[in-house]
Amino acid sequence: MTALRPGRASTGLVVVALLVSTVGDEVAMVALALRGADRTGLTSVVSAQMLAGLVPGIALGGWIGRIVDRFRPDAVLGVTLALECLIAAGAAALADGAVLLIATMLLLGALGAVAQTCVMALVPGLFPASEAQLRVNSLMESVRNAGYIIGPLLVGLLTAHGGTGLALAVDAGTFAFALLAVPVLGRWLALAAGDRTPTVDGGQRTAARAEGGLRLGLTLLWAGAQRRVTLATIVITIAATSVVNVLLPFFAHGIPGGMAVYGTLLATWSVGLVLGPLALRGPLGRRPTAVVAVAAAAIIGLSYLVTGLYPVIPLMLAAFLCGGMANAVQNVTLRTHVMADCAPNVRGRVGAAYGATLQSSVAVGFAFAGLVPAGWARWGILAGGGVAFLAGSFGWLRARTATASQQPARDPSVSAGQASEGATS
C-alpha cells in the first residue's frame, strides 16, 4: 500500500497544478491579445503575438530537451513556473507597446513549451507502466482542456471589472499557486525512482548516442516503422485540419446563425475535448495506442467533412462534439505511444521533438490556409477534412496490420521500457 500512495497523491497534485497553470497560460494569451488590440489597434500586432507564442516550441526544441534531460524535470518545472509568474506580473504593469507585448508572448511561449516538456518527462517517471500512463494522460488531458475553457471565461470576467492589468495579475497568481506543488512533487518523484526495481530498458539503446539536441529527439521520436506510420499520419491530419480551423470563421458567415453558431460550435468542440478521454476508460483504452490515435485522426477529418457537406446546425453540433472527443483521444493515445518506452535519459529531448513536430504541422496548415480565398472556405474545409479522413483511414489500416503481425511475438511480462518501439500499446 505504501508504494501506491505516492502515485495517487502525485496524480492529484499533477492534475491540480496542470489545471491551474493551464488556466494561467490561457489567461496570459487572451489577456495579452486583448491588450495588444486595445493599445495598438493593429491586427498585425495581435497576429505577431500569436506567432510569438507558437514559434519557441519549434525553434528552441533542442535547447528545451537538453535542459529537461540534464536537470531534474521537477526542478526545471519549478523554475519555469516562477519565471512565468514574474513575467506575468511584470506584463501587468509594463507591457503596453507592441514590442513589449510581443516579447512577453515570446517569453511565455518559450516557458510554456518547457513546462509541457517537463510534464511529458514526469509522467513516465512517476508511472512506469504504460497502462498507468494512459490513465494519467487521460485525466490530465481532460483537466487541461477544462483549463482552456475556464481561462477565457476568467479573462472576460476579470477584464470587465479591472481591465487586462487585473487579468495578468491574477495570471501571475495562478503560476505562483502551481509552484507550491513542485517541492512535494519532487519528493514523490525521488521516492518513485528509489522504489523502482532496476530493469533493462530503452536506456541501453540510447546510451551511446545520448549526446545531441533536437536532432537526437527527432531521430528517437521517428524510430521504428510503426512509429513513423503513426506520426506521419498525425502530421498530415493536423496540417489538414489546421487549414480548416483558419477557414471556419469565413465559412460561418454563410451558415444559418452566422457567428453565433460558430461560437457554439467551438464551445461544443471544447466540451468534446473534456469528455473524450473518458472513452479510454472502457475497452477502447485496452487497444493499441497507435491504432486508436490514427483512428481518432480519421474521425476528426470525418467531422469536418460532415460539417462542410451538411451545414445543418444539429448535425454540425453532433459532428463537432464527436470531433472534439476524437481530438482528445488522439492527444492522449499519441502521447502515451510516444513516451511509453522512451528511455529516461532522453525523455526531455523526445518530448521537445514531439511538441516541435506537432506545432510545425499546425504552422504548415496555417500557412496553406492563407492561400485559400475567403469565398472558397467551404471547399477548403471539405478538402482539409477529406485529406485528414483519408490519411487517418490509411494510417489505421497500416497500424492494425503492423500491430497484428507483432502481437504473437510480444511477451506480456515485458515492461513498457523493454517493449520494442514498434509494439507500443
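Predicted model: local features only at pLDDT ≥ 70, side-chain atom pairs only at ≥ 80, totals over all residues.
Local features here need pLDDT of at least 70 and side-chain atom pairs count only at pLDDT 80 or more, while totals for chains, interfaces and linings use all residues. Residues are numbered from 1 along each chain as its sequence is written, and side-chain values use heavy atoms, with hydrogens and water left out.

**Stop 1: the aromatic cluster**

Select W269, Y304 and F320, which form one aromatic cluster. The whole structure contains three aromatic pairs; rings of Phe, Tyr and Trp (its six-membered ring) pair if their centres lie within 6.5 Å, and planes under 30 degrees apart count as stacked, over 60 as edge-to-face and the rest as tilted.

Show W269 with Y304: this pair is stacked, at 5.3 Å centre to centre and 10 degrees between the planes. Colour helix α11 (residues 258–275), which holds W269, and helix α12 (residues 289–309), which holds Y304; the pair therefore ties together parts 35 residues apart in sequence. Helices are DSSP runs (H or I, at least four residues), numbered from the N terminus.

**Stop 2: a charge over a ring**

Jump to W63 and R66. R66 lies over the face of W63, 5.6 Å from the ring centre; for Arg, this calls for CZ within 6 Å of the ring centre and within 35 degrees of the ring normal.

**Stop 3: the second largest cavity**

The structure holds two cavities of 30 Å³ or more. A cavity is a set of points on a 1 Å grid over the protein atoms alone where a 1.4 Å probe fits but cannot get out, and lining residues have an atom within 4 Å of a point.

Select V119, M120, V123, P124, Q133, N137, M140, R335 and M339 to see the lining of the second largest cavity. Its volume is about 40 Å³, the space filled by probe spheres set on the points. Which helices each supply at least two residues of this lining? They are α5 (98–126), α6 (130–179) and α13, with the largest share, four residues, coming from α5.

Notes. 1 Å grid on protein atoms, 1.4 Å probe; cavity = no way out; pocket = protein on both sides within 12 Å on 5 of 7 lines; lining within 4 Å.
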